[in-house]
Amino acid sequence: MALFKKRQTGKPGEWYYCLVHKKVEEGPECPAKDRFGPYGSREEAAHAMETAQERNLEWQNDPRWNDRSGEGAPDEGGGPSA
């Protein structure tokens with residue numbers, strides 16, 4: 001039995017979206033690897049998936065991050081080339 005129980009970091013008034021339970025949490029309740037946040041309000045946390053999708057589309061269409069024509073562009077495999 002552990003002497004000390006690890007507490008999740010967070011404060012009341014900080015809102016998170018749990019990716020496992022697909023729900024909004026205050027506090028947080030779930031581990032950091034399973035959540036988005038913190039958000040300033042419950043409403044913002046409730047729209048976390050939509051916000052992430054919008055940001056992903058912006059990133060995919062941003063020429064500063066999607067330059068496949070120049071040197072140093074990442075390869076499709078995602079790892080270092082041999």
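## A first look at this predicted model

Asp 62 lies in the segment after H2. Helices (H or I, at least four residues) and strands (E, at least two) are DSSP runs, numbered from the N terminus. At 15% relative accessibility, Asp 62 counts as buried, a word that stands for under 20% relative accessible area, with exposed over 50% and partly exposed in between (1.4 Å probe, protein chains only). The side chains of Asp 62 and Arg 64 are joined by a polar contact of 2.8 Å. Such a contact is a pair of N or O atoms within 3.5 Å; within protein, one must be able to donate a hydrogen and the other to accept it, and residues adjacent in sequence count only if both atoms are side-chain atoms.

This is a predicted model, in which local features need pLDDT of at least 70 and side-chain atom pairs count only at pLDDT 80 or more, while totals for chains, interfaces and linings use all residues. Residues are numbered from 1 along each chain as its sequence is written, and side-chain values use heavy atoms, leaving out hydrogens and water.

Now to the sheet. Three strands form an open sheet in the order E2-E1-E3, with antiparallel pairing; two strands pair if DSSP finds at least two bridges between them. At the edges, E2 and E3 each pair on one side only. E1 and E2 share four bridges, and Trp 15 stands opposite Glu 26 in E2. Helix H2 packs on the sheet, touching E1 and E3, where contact means heavy atoms within 4.5 Å.

| Element | Residues |
|---|---|
| Strand E1 | residues 15-18 |
| Strand E2 | residues 23-26 |
| Strand E3 | residues 35-39 |
| Helix H2 | residues 48-60 |

Which residues make up the largest nonpolar core? Its six residues are Trp 15, Tyr 17, Val 24, Tyr 39, Ala 45 and Ala 48. A nonpolar core is a set of buried Ala, Val, Leu, Ile, Met, Phe, Trp, Tyr and Cys residues joined through side-chain atoms within 4.5 Å. Not counting residues up to four places away in sequence, Tyr 39 touches several residues, including Gly 13, Trp 15 and Ala 48.

Gly 27 is found in the loop between E2 and E3 and is buried, with a relative accessible area of 14%. From C-alpha to C-alpha, Gly 27 and Trp 15 are 6.5 Å apart in space, and 12 residues apart in sequence.

Finally, a word on confidence: the protein averages a pLDDT of 80, and 67% of the residues score at least 70. pLDDT is the predictor's confidence in each residue, from 0 to 100.

Terms used:
Axes are lines fitted to C-alpha atoms, for helices over the stretch in contact, and angles run from 0 to 180 degrees between N-to-C directions.
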